[in-house]
Amino acid sequence: MKYLFFFAGMIILFSGCGRQPIEQFINIPDRTWEFNNPAGFVVDITHPGVYKMLVQMRYSQEYSYSNVWVELNEKGPDGKKTGMRMNIPLFDLSGRPYGSFAGKYYDRTYPDAEMETNQLTLNIPQAGQYTFSLQHNMRIDKLDGISEIGIRLKEQK
């Protein structure tokens, strides 16, 4: 009888565990993101489907602009490449940063459900290894004040 309760408890415990999001971060050397040094992420997708993507940035007051233009490139296991350009606001008009604050750094997730109505959705047609890269598209080569950049992929149901 006690084994019955144990197995019932285990089934209940693990039934709520869905597929966990894929999350990767890159530290930016010297908090200076260079145009010629895009952040690259290699992700193994085991379940094809539609994924929601979030771009995550950690930045400080050293960053001199209110936004950052970023190009997202994807290369699938079949070699097919796609790309898109996005404008990520980091500070509002009064200079107040978006996102959460931790020490001297701010964490910004884009798109943020409170601010942006559009979502980054990716149709992943086949399982395999995907390569994503994020490259800034600002008018200068070096952006000071960016310390980390990352991606998060979550399968939509």
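This report describes selected local features of a predicted model.

## Backbone geometry

Most residues other than glycine have a negative phi, and most peptide bonds are trans. The loop between β1 (22-27) and β2 (32-34) holds Asp30, a non-glycine residue whose phi is positive, at about 55 degrees. Arg31 lies in the loop between β1 and β2 as well, and its phi is near 55 degrees, again a positive value in a residue other than glycine.

Asp30 counts as exposed because its relative accessibility of 72% is over 50%. Arg31, at 29% relative accessibility, counts as partly exposed.

A cis peptide bond, with omega about -10 degrees, links Tyr110 to Pro111. Pro111 belongs to the loop between β8 (105-110) and β9 (120-124).

Gly128 is part of strand β10, which covers residues 128-136. With a relative accessible area of 23%, Gly128 is partly exposed.

When neighbours within four places in sequence are set aside, the contacts of Gly128 are Val43, Asp44, Ile45 and Pro77. His47 stands 81 residues from Gly128 along the chain, and the C-alpha atoms of the two are 8.7 Å apart.

## Largest pocket

By residue class, the lining of the largest pocket comprises three nonpolar, four polar and three charged residues.

Note on methods: Residues are numbered from 1 along each chain as its sequence is written. This is a predicted model: local features need pLDDT of at least 70, side-chain atom pairs count only at pLDDT 80 or more; totals for chains, interfaces and linings use all residues. Side-chain values use heavy atoms; hydrogens and water are left out. Helices (H or I, at least four residues) and strands (E, at least two) are DSSP runs, numbered from the N terminus. Buried means under 20% relative accessible area, exposed over 50%, partly exposed in between (1.4 Å probe, protein chains only). Contact means heavy atoms within 4.5 Å. Ala, Val, Leu, Ile, Met, Phe, Trp, Tyr, Cys and Pro count as nonpolar, Asp, Glu, Lys and Arg as charged, and the others, Gly among them, as polar.
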